[in-house]
Structure formats: structure tokens, C-alpha cells
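Please consult the sequence and the model alongside the text.

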Amino acid sequence: MTTFDRRRFLKLAGATGLASMGTSLPWAAWAADAAVLEKAKAQGEAVFYANITAVEPIMKALQQSQGIEGKYTRIASSKFIPTILTEFNAGKLMADVVQAPLPMLQLLKEQGVLIPHQSEAVQGYPEWAIQDDSIIQFGIEYVSYIYNTDHLKAEDAPQRYEDLADPKWKDKIVMANPSNHPSTIGWLIGLKEKVFSSEEQWLDFLKGLAANKPMFVASFGPTPAPIESGEKLVAISMPKYIVTKSPAPLAWGPMSGQPLLGSPRAIALTKNAPHPDAARVFLDFWLGNEAMGILANKVGEYVLAPGVHPPVAGIDKAKVEPIRDLSDEELVRWGREFSRIFAVR
């Protein structure tokens with residue numbers, strides 16, 4: 001299997017920046033350059049390939065604010081890279097703007113698909129999010145655990161990650177399969193590197209969690225259902241479901257100050273875009289507070305625009321940190337190790 005094939009399998013099949021510009025204006029005061037906006041309106045539309053959900057309200061706001069139609073095509077993670085590279089290599093890429101988890105856009109950059117862009121809308125973003133000349137990170141696909149407050153009181157819920165290994169949670173946890181779900185593999189490694197003080201403590205946690213016999217599902221998407229029904233009490237999952245599953249009585253943890261970890265979400269412009277000026281206006285609008293506010297409030301996403309948080313109680317005080325991209329070899333090795341620890345058949 002080639003390197004590209006391996007990456008496609010491991011990073012895509014689990015579906016479920018720039019130097020800081022201190023003189024740039026915040027989005028609320030930003031307006032597209034008149035000449036660029038005139039050209040963008042003449043082009044009429046910006047085609048957006050993404051694997052994020054529920055962005056139609058942003059497309060509507062773009063039309064109302066800038067007079068440009070955002071044509072959104074959602075592509076499944078497993079087909080994202082092959083679709084774009086097939087079109088690009090044939091000289092027929094329709095996308096002006098592409099959005100995906102950071103590793104996917106890094107692959108596209110390696111293949112020459114992306115171009116540099118300086119956006120005035122990123123003031124206040126963390127410096128690590130805007131260091132690349134082509135790829136801007138705008139959010140974190142944050143992961144922790146959730147529970148149903150009708151079935152579990154806050155004081156009785158796990159208070160720390162370590163509590164998930166307590167035997168009282170045996171047969172009461174649901175999580176994505178740690179042997180083959182890339183985001184879960186990355187999250188578990190993130191706990192080792194950012195939460196636990198030693199590898200020995202981390203391994204003890206893994207063994208305790210495995211001893212609790214979690215229910216395994218294919219991805220994060222199916223994890224809320226057993227919690228809503230009361231079949232399970234705790235899900236290793238995404239707090240954004242508190243928004244998307246509303247009014248289900250869901251809450252998140254840990255509330256003890258431990259960080260929430262997740263993969264960065266990223267966005268970029270494509271080379272030889274069919275609508276280059278509209279693409280620039282689209283990207284700058286996307287990165288601003290209006291669009292990021294829609295994404296946070298409607299979808300529960302954790303975004304990096306300053307002062308913008310999803311309507312999830314306590315999330316504005318939480319530490320949400322990006323995890324590093326694991327190499328292909330690490331994903332293979334740890335997937336096998338987790339298969340052994342969790343006795344996945």
C-alpha cells in the first residue's frame with residue numbers, strides 16, 4: 001500500500017497559517033476591497049467543498065452580506081482527498097474553497113492544490129492557527145465525554161478523565177472503536193501527551209477503561225443515541241451534540257479544569273479557482289465573527305474567532321487544545337495496541 005493510500009485509509013475512512021497580523025482590522029470593521037468585491041459579485045458564486053455539516057445558514061448570510069452565492073458541496077471524509085485530486089489533476093477542480101480537518105488540507109497542499117492567502121479576518125486567532133501561508137485553522141473538533149442529566153446527576157458523573165476507569169462504569173460507556181477510528185486514536189494519544197503525568201498512569205487508565213467493557217460504535221456520530229435512551233450513561237464523544245441534539249438533556253465533562261482535546265479544522269483557497277475573487281471574499285467572511293458565530297450557535301462547533309463560543313454551559317471557561325497529527329505509522333501501531341488492550345475482535 002502506498003503512503004497516500006495508507007493516509008487515505010487511516011485518516012479519511014474513520015468518518016464518521018500565516019504570521020499574526022497585528023495591524024489587521026477585526027471582522028466587524030472589515031469590508032472587502034471594493035475592486036475585489038466588484039469582481040467577486042461579477043463572478044457570482046464561490047464553490048465550497050467541505051465535510052462539515054449544517055453550514056447553509058452561513059451561505060445565506062454570505063449572500064445577504066456580500067452578494068455572493070456560496071455553493072456548498074459536502075463530501076464524505078473517505079472521498080474528500082480522492083475527489084479533489086482527481087478533479088485537480090484533470091484540470092477540472094470546481095472548488096474555489098476547501099474545508100476539512102487539518103491533515104487532509106496538508107495532504108492537498110503537498111499535492112500543489114492550495115495557494116497562499118492573507119486574511120484580515122484572523123485578528124485575535126491563536127498564533128498557531130495562522131502560521132501556515134495557505135491553511136488557516138478556524139476551529140477544533142473537540143472531544144471529551146457527555147452524559148444525560150435525566151439519568152445521571154452532575155455530582156455523580158465522572159469529574160476527571162481518570163474516573164472513566166472506575167469499575168462503577170462497567171458496561172455503562174459508549175465510544176468509537178479505538179482500534180480503527182483515527183480521531184479516537186488521536187484523542188487517546190492526546191491524553192497521554194497533554195493530560196497524564198506519566199505513560200504508566202496513562203496505561204493504567206487505558207486498562208481500567210478497557211476493563212469497563214465499553215460499547216464500540218463506528219464513529220462519534222452514533223455515540224449520543226445510547227446516552228439519550230439511557231442504555232449507556234457516559235459517552236466519549238463531542239460536546240457539540242449538546243447543541244445539535246437539543247432539547248436532549250445532555251451535559252459534558254470534565255469540569256475539573258482538564259483540557260478538552262481535538263483535531264483542528266482548517267480551510268484554504270484552491271489553485272486556479274474558477275471564481276478567485278469570490279473565493280477570497282468567501283474565505284474572509286467564513287473566518288469572521290458573523291460566520292463563526294453561526295457555526296458555534298447552530299452546530300455547536302468550537303471556533304477560534306475571539307469571544308465566540310457555542311451555547312454549551314461552561315465551555316467559555318474550558319481549555320480546548322489541538323492535538324497533533326499522528327503519522328501513518330503511529331496510527332497503525334497504536335490502532336493495533338488499542339485493539340489488544342481493549343480486546344477488540
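Pro247 lies in the loop between α9 (241–244) and β9 (250–253); helices (H or I, at least four residues) and strands (E, at least two) are DSSP runs, numbered from the N terminus. This is a predicted model, in which local features need pLDDT of at least 70 and side-chain atom pairs count only at pLDDT 80 or more, whereas totals for chains, interfaces and linings use all residues. Residues are numbered from 1 along each chain as its sequence is written, and side-chain values use heavy atoms, with hydrogens and water left out.

**Backbone features in loops**

The peptide bond leading from Ser246 into Pro247 is cis, with omega near 15°. A cis peptide bond also links Gly253 to Pro254, with omega near 5°; Pro254 belongs to the loop between β9 and β10 (260–270).

| Residue | Phi | Location |
|---|---|---|
| Lys213 | positive, about 55° | loop between α7 (199–211) and β7 (215–217) |
| Asn272 | positive, about 55° | loop between β10 and α10 (276–287) |
| Gly300 | positive, near 75° | follows α11 |

Asn272 counts as exposed because its relative accessibility is 64%, where exposed means over 50% relative accessible area, buried under 20% and partly exposed in between (1.4 Å probe, protein chains only).

**Strand β8 and Ser237**

Ser237 is part of strand β8, which covers residues 234–237. Because its relative accessible area is 0%, Ser237 is classed as buried. In a regular strand the side chains alternate between the two faces of the sheet. Both faces of β8 are covered: Val234 and Ile236 are buried on one side, and Ala235 and Ser237 are buried on the other.

Strand β8 has pairing partners, two strands being paired if DSSP finds at least two bridges between them. Strand β5 (residues 136–148) runs antiparallel to β8 and is joined to it by four bridges; here Ser144 stands opposite Ser237. Strand β6 (residues 173–176) pairs with β8 in the parallel sense over two bridges, and Val174 stands opposite Ala235.

Which residues surround Ser237, leaving aside its neighbours within four places in sequence? Ser237 is in contact (heavy atoms within 4.5 Å) with Tyr142, Val143, Ser144, Tyr145, Ile146, Phe220, Thr223 and Pro224. With Thr223 the side chain of Ser237 also makes a polar contact of 2.7 Å. A polar contact is a pair of N or O atoms within 3.5 Å; within protein, one must be able to donate a hydrogen and the other to accept it, and residues adjacent in sequence count only if both atoms are side-chain atoms.

**Gln99 in strand β3**

Gln99 is located in strand β3 (residues 97–101). A relative accessible area of 0% is why Gln99 counts as buried. A polar atom of the Gln99 side chain lies 3.5 Å from the backbone nitrogen of Asn51. Beyond its neighbours within four places in sequence, Gln99 has contacts that include Phe48, Tyr49, Ala50, Asn51, Ile52, Phe138 and Ile267.

A nonpolar core is a set of buried Ala, Val, Leu, Ile, Met, Phe, Trp, Tyr and Cys residues joined through side-chain atoms within 4.5 Å. The largest such core has 100 residues, and Phe48, Leu191, Trp286, Leu287, Leu295 and Phe338 have the most contacts inside it. Apart from this core lies another of 22 residues, including Ile75, Ile84, Ala100 and Leu102.

In helix α11 (residues 289–299), the buried residues are Ala291, Met292, Gly293, Ile294, Leu295, Ala296 and Val299. Their cover includes α3 (56–66), β5, α9, α10 and β11 (302–303).

**The chain as a whole**

The chain contains twelve helices and twelve strands. Its radius of gyration is 21 Å, close to the 20 Å that the globule rule gives for 345 residues, so the chain is as compact as a globular protein of that length. The radius is taken over C-alpha atoms, and the rule is 2.2 Å times the number of residues to the power 0.38. Along its principal axes the C-alpha trace spans about 65 × 45 × 35 Å. Of the 345 residues, 57% count as buried.
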